[in-house]
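Reader: I would like to learn how to read aromatic pairs and a ligand site in a model. Where do we start?

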Amino acid sequence: MCSYRTITIERHFIDQQALHPDATGELTRLMHQLAFAAKQITKEVRSAGLSDILGVAGHTNIQGEAVQKLDEISNDVIYRAMDHAGVLCCMASEEREHMIPIPAEFHYGKYTLAFDPLDGSSNIDANINVGAIFSIHRRVSPDNTPGTVEDLLQTGRKQVAAGYIVYGSSTMLVYSTGHGVNGFTLDPSIGEFLLSHPEMRIPEHGKYFSINMGNYHYWSEGVRKYIDHVTTPSHEHGTPYSSRYIGSMIADVHRTLLYGGIFMYPLDFKDPAKPKGKLRLLYEAAPMSMIIEQAGGHSTDGHQSILDVVPKGLHDRVPLFVGARRNVAELLEFLRKYD
Ligand code: P6P
């Protein structure tokens, strides 16, 4: 009987594929290519402090943010791992304004990939956890033709698979195809992702809240009242909770998945250029929400599940409240009462 530690991610993909008799193996190949890209980016991230790839690349992206050199490297590694694989009809990246087509010389596959190649990249120089987030949909346009933006603009509920790769004390790949959540840790000595966190479940509740407190005076009354609640000592309510905020969504949500609590990036009135909040729907909020909901948690924009928000553009932003079911329910009570 092999232990979890010896189940490689490749074997897990094969086992998952066996659950779908009509599977063609395209999704398996897609996930395998993502795992390969993760190993390549791990090598770059681990050596970033020793090679001239820290710091900014000298230009800004569609978001108006300074592009980090590792952003570009990670974006290119994922693109080159996927463009020829014959499993995608198009892609979208945080680092590219428009849809990324599959070159005409390659087969057009039946899936789309939207990704944030390096979330939290502004923290790279401080050696803080960063990572990639990915979202996969089944195309809606005819097979064997070039993909279209409509193939990408689908709700999170329709994701075929989603997940993230976090480069921390170790490299972890966490993903779901709609049948629960599994986490794999890269064993650098053999270059394999091994099943380290089978069937991940988020606790029902947690005494952690994660939010950028510097924006307190820009939030709605409901959000401020909730934060006042979780920071006010009360034996009855078991408060105050502990505050945890890394400033890399991928790391903050990964911790929330493991320990419970809630991560929040509400709509704030600080930046008129971001009337819908800061985080992007397609390749940040929706994939991370699929993971949390598949693990038994909940995710909302304050009004509806993130997974039901219909994207209108590749870089739509949404307010995000995601975490343990009881923590999110508690937050929603304050929004309903005060907003
Ligand atoms: P702030 C990183 O730049 C990011 O997009 C998310 O990963 C993170 O949660 C958020 O921005 C942090 O934003 O305004 O708190 O610095």
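Predicted model: local features only at pLDDT ≥ 70, side-chain atom pairs only at ≥ 80, totals over all residues.

Reader: How is a pair of aromatic rings described?

Author: A pair of aromatic rings is described by the distance of the centres and the angle of the planes. The count here comes to seven aromatic pairs. Tyrosine 226 and phenylalanine 334 form an edge-to-face pair, 5.7 Å centre to centre with 70° between the planes. Tyrosine 226 lies in helix α5 and phenylalanine 334 in helix α8, so the pair ties together parts that are 108 residues apart in sequence. Phenylalanine 334, at 16% relative accessibility, also counts as buried.

Reader: Which residues do ring pairs link into a cluster?

Author: Phe13, Tyr175 and Phe184.

Reader: Now the ligand. Which residues are closest to it?

Author: The shell holds 14 residues, and the closest are Asp119, Tyr245, Met249, Tyr265 and Lys278. By class, the shell divides into five nonpolar, five polar and four charged residues.

Reader: What lies 2.6 Å from an oxygen atom of the ligand?

Author: A polar side-chain atom of tyrosine 245. Lysine 278 also places a polar side-chain atom 2.9 Å from a ligand oxygen. For methionine 249 it is a backbone N or O atom, at 2.7 Å from an oxygen of the ligand. The protein covers 83% of the 400 Å² of accessible area that the ligand has on its own.

Reader: Why does the ligand lie between domain 1 and domain 2?

Author: Both domain 1 (4–197) and domain 2 (208–338) give residues to its shell, so the ligand lies between them.

Methods. Residues numbered from 1 in each chain as written. Heavy atoms only, no water. Near = heavy atom within 4 Å. Polar contact = N/O pair within 3.5 Å; in protein donor to acceptor, adjacent residues only side chain to side chain. Areas by Shrake-Rupley, 256 points an atom, 1.4 Å probe, with all protein chains shown as cover. Nonpolar A, V, L, I, M, F, W, Y, C, P; charged D, E, K, R; others polar. Domains from an automatic or database assignment. Phe/Tyr/Trp six-rings, centres within 6.5 Å; stacked < 30°, edge-to-face > 60°. Helix = DSSP H or I, 4+ residues; strand = E, 2+ residues; numbered from the N terminus. Buried < 20%, exposed > 50% of the residue type's maximum accessible area, 1.4 Å probe, protein only.
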